[in-house]
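Hi,

Here is the structure I said I would pass on.

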Amino acid sequence: MSYTSEISRRNPGLFIFMVDQSRSMSHKLGGTLRSKSQEAADAINRQIYELIYRCTKTDGVRDYFDIGIIGYGAVADTAASLLKEADIVPISKLAASPLRMEKRTEKVTDPDGNEVETEFEFPVWFEPVANSNTPMVKAFQLAKAWIDDWSAEHRDSYPPVVINISDGAATDGDPMKIAREIMEMSTSDGKVLLWNCHLSELKGAKPLAFPADQAVLPRDDKFAQQLFGMSSVLPDSFLSIAQERSLDVNSNSRAYVFNAGLDELLELLDIGTRAPTENLQ
Amino acid sequence: MSGIQVLGFRMSKLGNRSTDCEDFYSWDLARMKFAMADGASSSIFSDIWARSLTQAAMDENLSLDDSPDSLLSSVMKAARKNWYGGIQWAGLPWFLRNKSVSGSHSTLLLMQAWPLASSYRYSAVAVGDTCMFILKGNQIEDSFPLKQYSDFGNTPSLVWSGKGSPISATVRMSLPKYSTASGTIAPGSTVILATDAISKWIMEHGKPQEILEVMGNDHAMKGFISREINSKRMRNDDTAIIVIRIM
């Protein structure tokens, strides 16, 4: 149980994204003018982009990952795959089929050392949706079924990673039980990892990433304790990489962020020699 | 002294095509100059960059007796030109175009030897974790730049190509962190240059003779490295090795 299995085309990993599309996601994210659904759509688009970026080699996008996307709450009491082709697809399929491309700018340092803005095309796969109630339990049940099927064919692969992006207000029961069942599922390399990206409308609360103690959670958001409690403890194999990256984590840190991105967690997956980030802007 | 014998071998990580290997080497026997580079798998076009670095280092006007700053600048400048010209920038799909802006990365190890009356002197420059070993018999007398297997980390120092298109077609690169070494090599010694997977294996297991015994037989080498990887004694990675026997 070491989380050291090589992630390769022979031995791909599995990411399942669960996106809360319930009505409450139309509320503004605390301290911002953006809705939680906009933030959720952006988070999932950015994370798929980042995964594709990591899988991009000179010869194209290598299928180091299989991807599944579950939306819950767009239709009342319903959790369903957001991908048309299949429940789970190799990542190169997503690279080949964004919904649309949008122009974005990023700051880069030019050869003379000046910071300049340059335009690039950012792919969008998912648009914001905020519609009905929050069947999070159903979404976890669907994820569990997918993990069961996938793990049967990938017994020695890196354990599946489930990323739940939500404001936490489940309307179909307590998700803790099914979440814990998922966290007990495993491949020969370790237990399934459950990451939670908590989007809260609470104003004035500081963004929080990878807390080790629930005492630091914002007390005024009643779902923070629950989502923290159903987030995996970061595996030891993440910690040495995290230390090289100067991330503030320890052996009790959990894969939970409050109004912050999960991007740093992707950095901790070992899929080859890393280039120094100071050169990657 | 009656000269040197050189053998080289490179191999893709298991599961990849043989053409996917991003580790490269070059040597110039007349000038006893050797170069090895390990293209970083996290950036794209690293194979072109690693190959360009090793080829640029073979320029007959460049010597390891030059200052390391000057040597590395010259190698990087020539390699950058080769790298940039070797990529078809137009028409790249979005994922290659976006990633190409970040440029490519590679380790680099350069070594040159010169004959003395009864031995050789050598100089070496290293960026990253591609290592050089000097063996007397089967014993490792010295290694450079890393000394023990625990020195291998996840973020080795790397040579950067500079920005890719469309940010920059011009050269403006800062020198990476590097280490230097020099000394003498006695007749009867063996020098090994190897990228990180083999170097770490040599340091961890301390039996370089096992690899030397199959060097020169590519089929046997592939079998040996595959077995070590499958038994998890060696990391599954691209590999490159040069063995220089000093007669």
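Below is what I found, starting with chain A as a whole and then moving on to some details in both chains.

One thing to keep in mind throughout: this is a predicted model. For chain A the pLDDT averages 87, and 90% of the residues score at least 70.

**Chain A overall**

Chain A has 7 helices and 14 strands. Its radius of gyration is 18 Å, close to the 19 Å that the globule rule gives for 281 residues, so chain A is as compact as a globular protein of that length. Of the 281 residues, 43% are buried. Taking the contacts in chain A with a separation of 6 or more, 76% are between residues 24 or more positions apart.

In soluble globular proteins, nonpolar side chains tend to be buried together. Here the largest nonpolar core has 139 residues, and A:M18 and A:A143 are the ones with the most contacts inside it. Helix α1 of chain A (residues 36-55) gives the largest share of this core, with 9 residues. So what does A:A143 touch, leaving aside neighbours within four places in sequence? The list is A:I16, A:M18, A:I70, A:V162 and A:I182, and A:M18 is the other residue I named for the core.

**A sheet in chain B**

Over in chain B, 5 strands form an open sheet, in the order β1-β12-β11-β7-β8, with antiparallel pairing. The edges are β1 (4-11) and β8, each of which pairs on one side only. From one strand to the next, the twist averages 15°. At the β8 end, β7 (residues 131-136) and β8 pair over 5 bridges, and B:L135 stands opposite B:I140 in β8.

Strand β12 of this chain holds B:V243. With 21 other C-beta atoms within 10 Å, B:V243 is buried, because 20 or more are needed for that. Apart from residues up to four places away in sequence, B:V243 touches B:L7, B:T190, B:I192, B:L212 and B:M215. B:A90, by contrast, is 40 Å from B:V243 in space, C-alpha to C-alpha, and 153 residues from it in sequence.

**Some backbone details**

The peptide bond from B:F144 to B:P145 is cis, with omega near 0°; B:P145 sits in the loop between β8 (139-144) and β9 (159-160) of chain B.

The other two are residues other than glycine with a positive phi: A:F210, near 55°, and B:K232, at about 65°. Are they buried or exposed? A:F210, in the loop between β13 (208-209) and α5 (224-229) of chain A, is buried, with 24 other C-beta atoms within 10 Å. B:K232 lies in the loop between α6 (218-230) and β12 (239-246) of chain B, and with 10 C-beta neighbours inside 10 Å it counts as exposed.

Best wishes

Definitions and conventions
Residues numbered from 1 in each chain as written. Chains lettered and ligands numbered in written order. Predicted model: local features only at pLDDT ≥ 70, side-chain atom pairs only at ≥ 80, totals over all residues. Helix = DSSP H or I, 4+ residues; strand = E, 2+ residues; numbered from the N terminus. Rg over C-alpha atoms; globule rule 2.2 N^0.38 Å. Buried ≥ 20, exposed ≤ 12 C-beta atoms within 10 Å, placed from the backbone. Contact = placed C-beta atoms within 7 Å. Core = buried A, V, L, I, M, F, W, Y, C linked by C-beta atoms within 7 Å. pLDDT = per-residue confidence, 0-100. Pairing = 2+ DSSP bridges. Axes fitted to C-alpha atoms, helices over the stretch in contact; angles between N-to-C directions.
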